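Me: I have a structure to get through today and I'm new to it. Could you go through it with me, one topic at a time?
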Amino acid sequence: TATFSFLAPRKITVVNQIPLFQADSSASVKYTDKEYKVLETFIKGGWPAEHILVLITGQGDRRKKIFKTIDSHGMAIDCTVPAGARKADKDEQRAVLQTVTSRVLEKYGKQIDTQAFHTLIDRTGFNLDSLVANLEKLAAFTADRRRIGPDDVRQVVVRERKDPIFNLTNAIMEKDGSTAITVLENLKSDGFHVLQIAKTLENQFRKLTRIREFSIHAFPDGPRAG
C-alpha cells in the first residue's frame, strides 16, 4: 500500500478477514502486541495520495485502540446485519437481500417477480455469496426472457438453506401458521427427527404455561397499567 503503483495512479489494497478483534481464546490467527503497534504506526503515518487500504474483518469492537485509530485516520463502516429471528431482524435481512438482488439483476436487464424472489430466499437463506451466484445462474438460464419466475428458480436453484429449529417456535409465537408449516417441512427435510421437534415445542409450551401461571398469581385482578 505504501509503494507506488506501476500500472495506474490509483492503488487499492484489500485485506479480507483480517483478525483485528478476535478474542485470544477463540482466534486461531491473531496479532501480537508488536504487530498491532506496527499496524497503528502505519495507519497514523498515512500513505501516498490515491492509495486506498481496505481492511475487512468479521467483527468490530469500538472499544479497541486499533478501532479508534482506524476511525480517526480513515473511515470505519459497520456492514453487519442482524442475524436474529425477530421480525425487525428479518425485515432488515430481507431489505439487504432485495437490494443485492436488484443490483445484480440490473446488470443483466432482468427482473424477478415476488413469488420467485421468496422461493429463491427460501432456498438460499441469508447467504449473499450464494444469492449472487444463483442470480447469475438464473440470468443465464432465462436467456432472452426479461422476467424470472418461480419455475425458473425451482429448476435452477438447489435448496441450501438450513432452518434453525427456533424459527419454528418463533413462527408459532407470532401466530404465523403458514411460516410454521413451511419451517416444519424444512426441518423434516433437513433430517430433524419428529420427536426432536416435538420436544422443542413441549419445552416452549411449558415456558408459556409457567409465564401464564406466574401472571395469574402476581396479578389476580389483571395487569396494572403503569
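Reply: Let me start with a definition that will be needed later: helices are DSSP runs of H or I with at least four residues, and strands are runs of E with at least two, both numbered from the N terminus. Please also keep in mind that this is a predicted model.

Me: What about contacts, how many of them link residues 24 or more positions apart?
Reply: Among contacts in the protein chain with a separation of 6 or more, 66% are between residues 24 or more positions apart.

Me: Let's look at helix packing. At what angle do α3 and α5 pack?
Reply: Helix α3, which covers residues 87–108, packs against helix α5, residues 128–141, at an angle of about 35°, and their axes are 10 Å apart. The crossing of α3 past α5 is right-handed.

Me: Which residues meet there?
Reply: From α3 the contact involves Val96, Leu97, Val100, Thr101, Val104, Leu105 and Tyr108, while α5 brings Leu128, Leu131, Val132, Leu135, Glu136 and Ala139. By class, the contact of α3 with α5 has eleven nonpolar residues, one polar and one charged.

Me: Changing topic, how many salt bridges are in the whole structure?
Reply: A search of the whole structure finds five salt bridges. One of them joins the side chains of Lys65 and Glu40, with a distance of 3.8 Å from N to O. This pair links distant parts of the chain, since Lys65 lies in helix α2 (residues 65–73) and Glu40 in helix α1 (residues 33–45), 25 residues apart.

Me: Is Lys65 buried or exposed? And Glu40, buried or exposed?
Reply: Lys65 has 55% relative accessibility and therefore counts as exposed, because the cut-off for exposed is over 50%. Glu40 has 10% relative accessibility and so counts as buried, the cut-off for buried being under 20%.

Me: Which residue does Arg145 pair with?
Reply: Arg145 forms a salt bridge with Asp152, and the closest N and O atoms of the two are 2.9 Å apart. Arg145 counts as partly exposed at 41% relative accessibility, whereas Asp152 counts as buried at 7%.

Me: What is there between Glu202 and Lys199?
Reply: Glu202 and Lys199 form a salt bridge in which the closest N and O atoms are 3.7 Å apart. Both residues belong to helix α9 (residues 194–218), and because they are three residues apart in that helix, they are separated by about one helical turn. Glu202, at 36% relative accessibility, counts as partly exposed, and Lys199 counts as partly exposed at 42%. Salt bridges that share partners join Lys199, Glu202 and Arg206 into one network.

Me: Now the loop between α5 and β4, where does Ala143 come in?
Reply: Ala143 has its place in that loop, between α5 and β4 (147–148). The phi of Ala143 is near 50°, which is a positive value in a residue other than glycine. Asp144 is also placed in the loop between α5 and β4, and Asp144 counts as exposed at 82% relative accessibility.

Me: Last one, where is Asn170 found?
Reply: Asn170 is found in helix α7, residues 166–173, and is partly exposed, with a relative accessible area of 22%. Asn170 and Lys87 are 83 residues apart in sequence, and their C-alpha atoms are 9.4 Å apart in space.

Methods:
Residues numbered from 1 in each chain as written. Predicted model: local features only at pLDDT ≥ 70, side-chain atom pairs only at ≥ 80, totals over all residues. Heavy atoms only, no water. Axes fitted to C-alpha atoms, helices over the stretch in contact; angles between N-to-C directions. Left-handed = near helix turned anticlockwise from the far one by under 90°. Contact = heavy atoms within 4.5 Å. Nonpolar A, V, L, I, M, F, W, Y, C, P; charged D, E, K, R; others polar. Salt bridge = Lys/Arg side-chain N within 4 Å of Asp/Glu carboxyl O. Buried < 20%, exposed > 50% of the residue type's maximum accessible area, 1.4 Å probe, protein only.
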